[in-house]
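Welcome! Here is a short tour of some side-chain contacts, a pocket and a surface patch.

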Amino acid sequence: MTTPLLVLLVLVVLTILMTVKVVPQQTAYILERLGKFYAVLQPGINFIIPFFDRIAYKYTLKETAIDIPEQICITRDNVQVRMDGVIFIQVIDPKKAAYGIADYTFAVIQLAQTTMRSEIGKLDLDKTFEERMTINRAVVESIDEAAIGWGVKVLRYEIKNITPPQSVLNAMEKQMQAERERRAVILQSDGEKQAAINVAEGQKQKVVLESEGLRLRQINEAEGEAAALRSVAEATAESIKLVAQAIQLDGGAQAVQLKVAENYVEQFGKLAKAGNTLILPANLADMGSLIATALTVVKSEPKK
């Protein structure tokens with residue numbers, strides 16, 4: 001193979017390589033023709049005109065995370081805090097990203113820092129730890145509004161660290177310690193209060209139960225005594241009824257008289273044994289008169 005032919009072959013190969021451009025997936029190439037924007041090459045095989053066309057910019061269409069450097073921010077109550085973060089962006093219009101701004105990454109970082117300083121200046125130090133989501137949302141909205149002309153979409157922003165001065169950290173530590181001690185005292189007092197309430201409630205229930213038991217006991221005793229009295233009265237009435245029925249029989253009156261006389265003599269005998277002094281009736285020798293006296297409590301025999 002001669003040298004001219006070899007040179008021609010090399011030129012053909014170079015021309016082919018310069019003509020064919022393979023664009024990777026999720027990547028966009030900005031093609032300029034004679035120094036002017038011509039097209040955005042899509043992923044896959046693309047053909048260009050050598051020496052007239054050139055790839056001016058290459059952009060990834062994937063989501064990209066950018067660190068926001070630490071900076072000093074001043075809160076509304078004039079406390080300096082150090083803050084940093086991370087922002088997630090994505091190129092959605094390669095043409096605007098190429099010609100709308102010189103360096104969209106630098107612009108996003110600067111705008112994120114200025115917005116963060118502005119949002120922190122609206123809050124007190126205590127609120128900066130509570131309003132992270134509010135700050136993140138404000139930064140995203142601010143950058144997203146400005147980045148419309150840059151062909152960039154801001155997906156989200158996250159604050160990584162908020163570092164107050166050491167003196168403020170010490171004061172916050174003392175405040176948290178005091179708050180923990182206060183809560184401990186409150187919990188202890190609440191526990192003691194609840195314990196006292198429980199004891200008092202127990203005593204109250206004990207007294208109520210004891211009084212209820214005593215009431216039921218008294219009711220039961222009264223009912224028992226009433227039942228006993230009814231039984232005695234019924235038995236007495238029954239005995240009296242039987243005695244009365246016996247008296248109506250033949251010889252009943254004589255039996256009653258004899259029984260009364262016997263009881264009289266028996267009781268008089270016990271009276272004589274009970275003491276040393278005894279008052280005797282004048283007619284004690286006449287036993288018949290004694291019995292007659294005892295029988296005065298018995299009525300005459302009823303007529304049949």
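Which residue forms a salt bridge with arginine 182?

## A pair in helix H6

The partner is glutamate 179, and the closest N and O atoms of the two residues are 2.5 Å apart. Keep in mind that this is a predicted model. Both residues belong to helix H6, where a spacing of 3 residues puts them about one turn of the helix apart. Salt bridges with shared partners join Glu179, Arg182 and Arg183 into one network. Arginine 182 is partly exposed at 44% relative accessibility, and glutamate 179 is partly exposed at 27%.

Glutamate 32 is buried, with 7% relative accessibility, whereas arginine 54 is partly exposed at 47%.

## The largest pocket

The largest pocket holds about 170 Å³ of space. Its lining consists of Asp126, Phe129, Glu130, Met172, Gln175 and Met176, which divide into 3 nonpolar, 1 polar and 2 charged residues. Helices H4 and H6 each supply at least two residues of this lining.

Glutamate 130 also forms a salt bridge with lysine 127, with the closest N and O atoms 3.6 Å apart. Glutamate 130 is exposed at 55% relative accessible area, while lysine 127 is partly exposed at 39%.

## A nonpolar patch

Residues including Leu6, Val7 and Leu17 make a nonpolar surface patch of about 700 Å². Valine 7 lies in helix H1 and is partly exposed, at 44% relative accessibility.

Conventions. Residues numbered from 1 in each chain as written. Predicted model: local features only at pLDDT ≥ 70, side-chain atom pairs only at ≥ 80, totals over all residues. Heavy atoms only, no water. Patch = residues over 30% accessible without salt bridge, like charges linked within 9 Å, V, L, I, M, F, W, Y side chains within 5 Å. Areas by Shrake-Rupley, 256 points an atom, 1.4 Å probe, with all protein chains shown as cover. Salt bridge = Lys/Arg side-chain N within 4 Å of Asp/Glu carboxyl O. Helix = DSSP H or I, 4+ residues; strand = E, 2+ residues; numbered from the N terminus. Buried < 20%, exposed > 50% of the residue type's maximum accessible area, 1.4 Å probe, protein only. 1 Å grid on protein atoms, 1.4 Å probe; cavity = no way out; pocket = protein on both sides within 12 Å on 5 of 7 lines; lining within 4 Å. Points joined across faces, edges and corners; volume = space filled by probe spheres on them. Nonpolar A, V, L, I, M, F, W, Y, C, P; charged D, E, K, R; others polar.
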